[in-house]
Amino acid sequence: MAKAPRLKITVINLLCLAVLCGATESPQYEVVHAESDFEIRHYRDATWMSATVNDLSFQKATLFGFHRLFQFIQGANMNYSRVAMTSPVVTSLVPGAGPLHSSAYVVRFYLPAKFQDSPPTPLPELNLKPYAWDSHHVAVRKFSGFATDAIVVKEAAKLATSLSLSPWANATSATHYTYSIAQYDPPFRFFGRTNEVWVDVDASRFAGKASF
């Protein structure tokens, strides 16, 4: 019964240590459109390391997925390479039938520039896979505080509402996940936290327009 709390505390401590080491690199993007409560970004091609977690809880999935990813960046790979911490950590919800409309999550870690073309091979027991996130556009809504199970659902709903009332109403892309939550801060930061909801959009029909 005591194993789960101890594991949670251990992972949080590891996450704090990771961020203290410096999250200096992030995926490159440009803002191509801005509204009062969301913006459209264009992200370049990038390689991420991903951990799939089967759980109904966003918070638990992020915790356990990042635990595996942290082992990888600390040297649990075939090259024994240390990988610098980056930001954000992104958790994507895979469509399903659960109460949070998801039965699985994918937790992703952006690989630093030096590993973009040749990621270290994770140890098999971590069950991690490199993920080539091709160039894409996302609608982004920022929110503060802690990204809890209840809050991420509410924030995703707010973004959906904003999109439905904008020129981007019919631009949501069909992808293999519903939406993603990007988290930029360590758990010990209680104020000034930054989180984002990401939803893929098809920007092709806006190409060349003045507002784009």
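Is tryptophan 48 buried or exposed? Tryptophan 48 counts as buried, at 2% relative accessibility, where buried means under 20% relative accessible area, exposed over 50% and partly exposed in between, with a 1.4 Å probe and protein chains only. This is a predicted model, in which local features need pLDDT of at least 70 and side-chain atom pairs count only at pLDDT 80 or more, while totals for chains, interfaces and linings use all residues. Residues are numbered from 1 along each chain as its sequence is written, and side-chain values use heavy atoms, with hydrogens and water left out.

**Overall layout**

- The chain has three helices and nine strands; helices (H or I, at least four residues) and strands (E, at least two) are DSSP runs, numbered from the N terminus.
- Starting at the N terminus, the order of elements is α-β-β-β-α-β-β-β-β-α-β-β.
- The chain holds 212 residues, and buried residues make up 48% of them.
- Among contacts between residues at least 6 apart in sequence, 74% join residues at least 24 apart; contact means heavy atoms within 4.5 Å.

**Nonpolar cores**

- A nonpolar core is a set of buried Ala, Val, Leu, Ile, Met, Phe, Trp, Tyr and Cys residues joined through side-chain atoms within 4.5 Å.
- The largest nonpolar core has 40 residues, and Phe72, Trp168 and Ile181 touch the most other members.
- Two or more residues of this core come from each of β3 (46-53), α2, β4, β5 (102-110), β7 (136-143), α3 (149-164) and β9 (195-201).
- With seven residues, α2 gives the most to this core.
- A second, separate core has 11 residues, including Trp48, Tyr110, Tyr177 and Ala182.
- Leaving aside neighbours within four places in sequence, phenylalanine 72 is in contact with Met49, Asn77, Ser81, Val83, Leu111, Pro120, Pro122, Leu126 and Leu128.

**Aromatic rings**

- The whole structure contains nine aromatic pairs; rings of Phe, Tyr and Trp (its six-membered ring) pair if their centres lie within 6.5 Å, with planes under 30 degrees apart counted as stacked, over 60 as edge-to-face and the rest as tilted.
- One of these pairs joins tryptophan 48 and tyrosine 110 edge-to-face, at 5.5 Å centre to centre and 70° between the planes.
- This pair links distant parts of the chain, with tryptophan 48 in strand β3 and tyrosine 110 in strand β5, 62 residues apart.
- Tyrosine 110 counts as buried because its relative accessibility is 7%.
- Ring pairs also link Trp48 and Tyr110 into a cluster with Tyr29, Tyr43, Tyr131, Trp133 and Trp198.

**Charges over rings**

- Arginine 108 lies over the face of tryptophan 133, at 4.7 Å from the ring centre; a charge sits over a ring if NZ of Lys or CZ of Arg is within 6 Å of the ring centre and within 35 degrees of the ring normal.
- Arginine 193 lies over the face of phenylalanine 146, at 4.1 Å from the ring centre.

**Cavity and pocket**

- On a 1 Å grid over the protein atoms alone, a cavity is a set of points where a 1.4 Å probe fits but cannot get out, and a pocket is an open set with protein on both sides within 12 Å along at least five of seven lines; lining residues have an atom within 4 Å of a point.
- One cavity of 30 Å³ or more is found in the whole structure; grid points are joined across faces, edges and corners, and a volume is the space filled by probe spheres set on the points.
- The largest cavity holds about 30 Å³ of space, and its lining is Pro27, Tyr43, Arg44, Ala46, Trp48, Trp133 and His136.
- The second largest pocket holds about 240 Å³ of space.
- This pocket is lined by 17 residues, of which Ala156, Ala160, Thr178, Tyr179 and Val199 lie nearest its centre.
- The elements that give two or more residues to this lining are α3 and β9, and α3 gives the most, with seven residues.

**Loops and backbone**

- Tyrosine 80 is in the loop between α2 (58-73) and β4 (89-95), and has a positive phi of about 55° although it is not a glycine.
- Tyrosine 80 is exposed, with a relative accessible area of 69%.
- Tyrosine 80 and threonine 121 are 41 residues apart in sequence and 9.2 Å apart in space, C-alpha to C-alpha.
- Proline 88 is also in the loop between α2 and β4, and the peptide bond from serine 87 to proline 88 is cis, with omega near 0°.
- Asparagine 127, in the loop between β5 and β6 (128-133), has a positive phi of about 55° although it is not a glycine.
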